[in-house]
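Please read the points below with the model open beside you.

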Amino acid sequence: LVMAATGSRFENKQMSGISHFLEHMFFKGTVKRTTTLAIASELDRAGGEFNAFTGKEYTGYYVKVEASQMEVALDVLSDMLLNCKFAAEEIKREKAVIIEELNMYLDNPLLYIEDLFEECLYGDTAAGRDTIGTKESILKLDRQQILAYAGSQYSADKIIVSLAGGFKPQAVKLINKYFNSFSKK
């Protein structure tokens with residue numbers, strides 16, 4: 001599990017939803033693994049289960065694999081977070097995907113009521129806005145904003161890498177090998 005200390009709390013109103021947008025983009029391809037399918041295929045071959053989530057104060061990315069496949073999981077996860085292409089065509093495509101996700105939440109009262117409660121409680125602040133953003137804010141995001149935000153939010157001082165399970169003591173060396181490239185602000 002890689003936890004990044006970033007979420008909707010750190011966004012201004014104009015860039016509402018950018019943390020969640022980044023979560024999606026990190027799965028869209030790297031220089032080494034050029035597509036979503038390439039990322040998923042490698043983790044599937046390792047027997048992995050993987051996903052991500054974004055909250056108000058954190059974003060998490062996880063891969064569950066058998067202990068012998070830990071290095072594959074660390075390699076893929078670090079590659080996603082360190083070498084994402086942020087391709088313009090993927091950004092455009094993902095805007096439509098996230099707007100559909102937002103529509104799904106808005107159409108489900110059990111999910112939407114929590115967002116309404118937070119809006120009533122916190123008003124027009126980062127805590128009162130939906131983590132996913134608004135249709136308007138999502139559509140206005142551009143590649144330069146995304147790159148700048150990723151650079152400001154994903155650094156060594158804001159990342160925690162954690163392992164659980166039957167790994168060996170050399171796991172720390174592997175974490176350093178794969179995640180050492182994060183900037184050390």
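Across which strands does helix H1 lie, and at about what angle to E2 does helix H1 run?

1. Helix H1 (residues 18-25) lies across E2 and E3 and runs at about 165° to E2. Here helices (H or I, at least four residues) and strands (E, at least two) are DSSP runs, numbered from the N terminus, while axes are lines fitted to C-alpha atoms, for helices over the stretch in contact (heavy atoms within 4.5 Å), with angles from 0 to 180 degrees between N-to-C directions.

2. This is a predicted model, in which local features need pLDDT of at least 70 and side-chain atom pairs count only at pLDDT 80 or more, whereas totals for chains, interfaces and linings use all residues. Residues are numbered from 1 along each chain as its sequence is written, and side-chain values use heavy atoms, with hydrogens and water left out.

3. The four strands form an open sheet in the order E2-E3-E1-E4 with antiparallel pairing, where two strands pair if DSSP finds at least two bridges between them. Strand E2 (49-54) and E4 stand at the edges with a single partner strand each, so one side of each has no neighbour in the sheet. Strand E1 (residues 2-4) pairs with strand E3 (residues 59-64) in the antiparallel sense over three bridges, and Ala 4 stands opposite Thr 59 in E3.

4. Asn 108 caps the N-terminal end of H5, with a side-chain oxygen 3.0 Å from the backbone nitrogen of Leu 110, and just after H5, Gly 123 takes a positive phi of about 65°.

5. The count of salt bridges (a side-chain nitrogen of Lys or Arg within 4 Å of a carboxyl oxygen of Asp or Glu) comes to eleven. One of them joins Glu 118 and Lys 56 at 3.3 Å, N to O; Glu 118 lies in helix H5 and Lys 56 in the loop between E2 and E3, so the pair ties together parts that are 62 residues apart in sequence. Glu 118 is buried at 18% relative accessible area, and Lys 56 is buried at 19%, where buried means under 20%, exposed over 50% and partly exposed in between (1.4 Å probe, protein chains only).

6. Arg 129 forms a salt bridge with Asp 124, the closest N and O atoms being 3.3 Å apart; Arg 129 is buried at 16% relative accessible area, whereas Asp 124 is exposed at 53%.

Terms used: A polar contact is a pair of N or O atoms within 3.5 Å; within protein, one must be able to donate a hydrogen and the other to accept it, and residues adjacent in sequence count only if both atoms are side-chain atoms.
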